[in-house]
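Work through these exercises with the structure in view. Try each task before you read its solution.

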Amino acid sequence: MIAELDFDTLATDQRKIDWDCLYEEQLPRVYNFFRYRTGDKAVAEDLTAATFEQAWRHRGRYRRHQGAFTTWLFTIARNLATDYYRQRRDLVPLDSVAPSPTFGRPAEEAIQRQEEMQRLATLLARLPEREQELIALKYGAGLTNRAIAGLTTLSESNVGSILHRAAQRLRAEWEDER
Amino acid sequence: MNEDDFLRRFWQAPDPAFAIKLKQELTPPPVITIRPFFAPIDQTRRTLNILALVLAVVVVLSPDARSRLVSQPG
């Protein structure tokens, strides 16, 4: 599902086209990772911007032999998500995120989508932290179970079974609350 | 709809305006500076310009020098 991308091309300016490709490919993944993780569009945009800013600033530190670019990028994203929740835990309750406007869509549809995302975020917040993150990596970032195993300390089969249980539970709770 | 499809339907493309703005912030276009027309130039160029101007004035004003430049002997 996910392309294992090469980031060492970013080290030189003459390969700028590769940066463009990486950006186009990875931006929706990172953004949706944070959307699934936080349930909030504005926060997802802020954290996505922070992830790419860090990646761009430290692009010289990436070493190809240490793993795929995707793994490196999502390591940054996960750390930022952890920091975000660490700071937020003391300030705001988890499910009090205000809805934010969605651009480029009819208002009703945008509001409905936002409400659904809020509802999903509320259900996700009831799951253990690890399951929340796995759901965001799988369905937001679109990573394979193998790629998720590479990012976490879990085995590929373990990732699969945890995700299966979490997804079933979420779906059942979604239906129950209708 | 199975669990996978159910969870994937919340996926949403980022706002294009956000994507463009972030990209511009990450890779700002190179700054092009244009030297003003009357900007200071270095001393050597200034001297050469003055010599060229003096030579041009001499050629224009002196019939002798002009004829020597235009008509070759022989």
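A residue counts as buried under 20% relative accessible area, as exposed over 50%, and as partly exposed in between. Keep those cut-offs at hand. The model is predicted.

**Exercise 1. Is Arg171(A) buried or exposed? Which residues does it contact, apart from its neighbours within four places in sequence?**

Solution. 
- Step 1: Locate the residue. Arg171(A) sits in helix α7 of chain A, which spans residues 156-176.
- Step 2: Read its relative accessible area: 16%.
- Step 3: Apply the cut-off. Buried means under 20%, so Arg171(A) is buried.
- Step 4: List the partners. Leaving aside neighbours within four places in sequence, Arg171(A) touches Met1(B), Asn2(B), Glu3(B) and Phe6(B).

**Exercise 2. How many helices and strands does each chain have? What percentage of each chain is buried?**

Solution. 
- Step 1: Count in chain A. There are 7 helices and 0 strands. Along the sequence the pattern reads α-α-α-α-α-α-α.
- Step 2: Count in chain B. There are 4 helices and 0 strands. The pattern here is α-α-α-α.
- Step 3: Turn to burial. In chain A, 51% of the 178 residues count as buried. In chain B, 18% of the 74 residues do.
- Step 4: Look at contacts in chain A between residues at least 6 apart in sequence. Of these, 67% join residues at least 24 apart.

**Exercise 3. Which residues of helix α2 of chain B are buried, and which are exposed?**

Solution. 
- Step 1: Mark the helix, residues 16-26 of chain B. Its buried residues are Phe18(B), Ala19(B), Leu22(B) and Leu26(B).
- Step 2: Find their direction. They cover an arc of only 100° around the axis, so they lie on the same side of α2(B).
- Step 3: Recall the helix repeat. An α-helix has 3.6 residues a turn, so residues three or four places apart point the same way.
- Step 4: Go to the other side of α2(B). Pro16(B), Ala17(B), Ile20(B), Lys21(B) and Gln24(B) are exposed there.

**Exercise 4. How do α2(A) and α3(A) pack?**

Solution. 
- Step 1: Know what to look for. Two packed helices are described by the angle between their axes and the distance between the axes.
- Step 2: Read both values. Helix α2 (residues 41-57) and helix α3 (residues 69-89) of chain A pack at about 130°, with axes 9 Å apart.
- Step 3: Classify the angle. It makes α2(A) oblique to α3(A). Their crossing is right-handed.
- Step 4: Find the contact. From α2(A) come Val43(A), Leu47(A), Ala50(A), Thr51(A), Phe52(A), Gln54(A) and Ala55(A); α3(A) gives Trp72(A), Leu73(A), Ile76(A), Ala77(A), Leu80(A) and Tyr84(A).
- Step 5: Sort by class. The contact of α2(A) with α3(A) has 11 nonpolar, 2 polar and no charged residues.

**Exercise 5. At what angles does α7(A) pack against α4(A) and cross α5(A)?**

Solution. 
- Step 1: Start with helix α4 (residues 107-125). Its angle to α7(A) is about 125°, and the axes are 10 Å apart.
- Step 2: Classify. α4(A) and α7(A) are therefore oblique to each other, and the crossing is right-handed.
- Step 3: Name the residues. Glu116(A), Arg119(A), Leu120(A), Leu123(A) and Leu124(A) of α4(A) meet Leu170(A), Glu173(A) and Trp174(A) of α7(A). This contact has 5 nonpolar, no polar and 3 charged residues.
- Step 4: Move to helix α5 (residues 129-140). Its axis and that of α7(A) come within 10 Å and cross at roughly 95°. That makes α5(A) roughly perpendicular to α7(A).

Notes. Residues are numbered from 1 along each chain as its sequence is written. Chains are lettered from A and ligands numbered from 1 in the order in which they are written. This is a predicted model: local features need pLDDT of at least 70, side-chain atom pairs count only at pLDDT 80 or more; totals for chains, interfaces and linings use all residues. Side-chain values use heavy atoms; hydrogens and water are left out. Axes are lines fitted to C-alpha atoms, for helices over the stretch in contact, and angles run from 0 to 180 degrees between N-to-C directions. Helices (H or I, at least four residues) and strands (E, at least two) are DSSP runs, numbered from the N terminus. Angles under 35 degrees count as roughly parallel, over 145 as roughly antiparallel, 65 to 115 as roughly perpendicular and the rest as oblique. A crossing is left-handed if the near helix is turned anticlockwise from the far one by less than a right angle, and right-handed if clockwise. Contact means heavy atoms within 4.5 Å. Ala, Val, Leu, Ile, Met, Phe, Trp, Tyr, Cys and Pro count as nonpolar, Asp, Glu, Lys and Arg as charged, and the others, Gly among them, as polar. Buried means under 20% relative accessible area, exposed over 50%, partly exposed in between (1.4 Å probe, protein chains only). The arc is that of the directions from the helix axis to the C-beta atoms.
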